Amino acid sequence: GEYGLASLSKEPILEVRVHSLPNEGVAEPRIALETIVEINGMGNIRIVNVHLDYSNKELNLSQIRYVNKKFTDGKPTIMAGDFNQIMESKGMQQLGRDWNLSMDARAFTYPANNPNTKIDYLMAYPRNEWEIKSARVLKDGKASDHLPILATFSLIKF
């Protein structure tokens, strides 16, 4: 396709897995990119990168349910990406019960040239084991039609 997912890390990458997301043949294929990173003094952290479907709300909700079930297994995880859902949506409300979302609905990320909605998220699981030290939207739309989010998480319990 014309775009894809990638993970960059200054820490050692131990493993990378690609997970096909539900599609039902109604939209272009989507994936979740899982990367296991070794953090000195903390152990392994899982990073998940997603870009969920925008064309079909039911398919999007199916993809949200899939990633929520797949990656809520007790392992410390940070998930990021374009969820194509506003914070008040059913799917994001579901994720908010299990994940610590880094910012509220007013942290607009899309479109980059005149942001007026939030559909991009950084979040951590398990919800109560992460503290968000800082989070902000960067006002730099050079690389994408979405604005990037920068967040610092601290694992409270490991």
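Modeller: Let us begin with a definition: two strands are said to pair if DSSP finds at least two bridges between them. Please note also that this is a predicted model.

Colleague: In what order do the six strands of the open sheet lie?

Modeller: The order is β1-β2-β3-β4-β6-β5, and the pairing is mixed. β1 (13-20) and β5 are the edge strands, each of which pairs on one side only. Within this sheet, strand β3 (residues 43-51) is joined to β4 by six bridges in the parallel sense. There, isoleucine 47 has isoleucine 78 of β4 opposite.

Colleague: Which strands does α1 lie across?

Modeller: α1 lies across β1, β2 (31-39), β3, β4 and β6, and runs at about 145° to β1. The other helix to consider, α2, also packs on the sheet, where α2 touches β4, β5 and β6. The direction of α2 makes about 30° with that of β6.

Colleague: How should I read the sides of a helix, and which residues of α2 are buried?

Modeller: The general idea is that an α-helix has 3.6 residues a turn, so residues three or four places apart point the same way. In helix α2 (residues 90-98), the buried residues are Gly91, Met92, Gln94 and Leu95. These residues are on the same side of α2 because they cover an arc of only 155° around the axis. They pack against α1 (57-71), β4 (77-82), β5 (100-101) and β6 (120-125). Lys90 and Arg97 are exposed, on the face of α2 turned away from its buried side.

Colleague: How much space lies in the largest pocket, and what lines it?

Modeller: The largest pocket holds about 1,600 Å³ of space. It is lined by 46 residues, of which Ala6, Asn49, Ala80, Leu122 and Ile149 are the closest to its centre. At least two lining residues come from each of β2, β3, β4, β6 and β8. β8 provides the largest share of the lining, seven residues.

Methods: Residues numbered from 1 in each chain as written. Predicted model: local features only at pLDDT ≥ 70, side-chain atom pairs only at ≥ 80, totals over all residues. Heavy atoms only, no water. Buried < 20%, exposed > 50% of the residue type's maximum accessible area, 1.4 Å probe, protein only. Helix = DSSP H or I, 4+ residues; strand = E, 2+ residues; numbered from the N terminus. Arc of directions from axis to C-beta. Contact = heavy atoms within 4.5 Å. Axes fitted to C-alpha atoms, helices over the stretch in contact; angles between N-to-C directions. 1 Å grid on protein atoms, 1.4 Å probe; cavity = no way out; pocket = protein on both sides within 12 Å on 5 of 7 lines; lining within 4 Å. Points joined across faces, edges and corners; volume = space filled by probe spheres on them.
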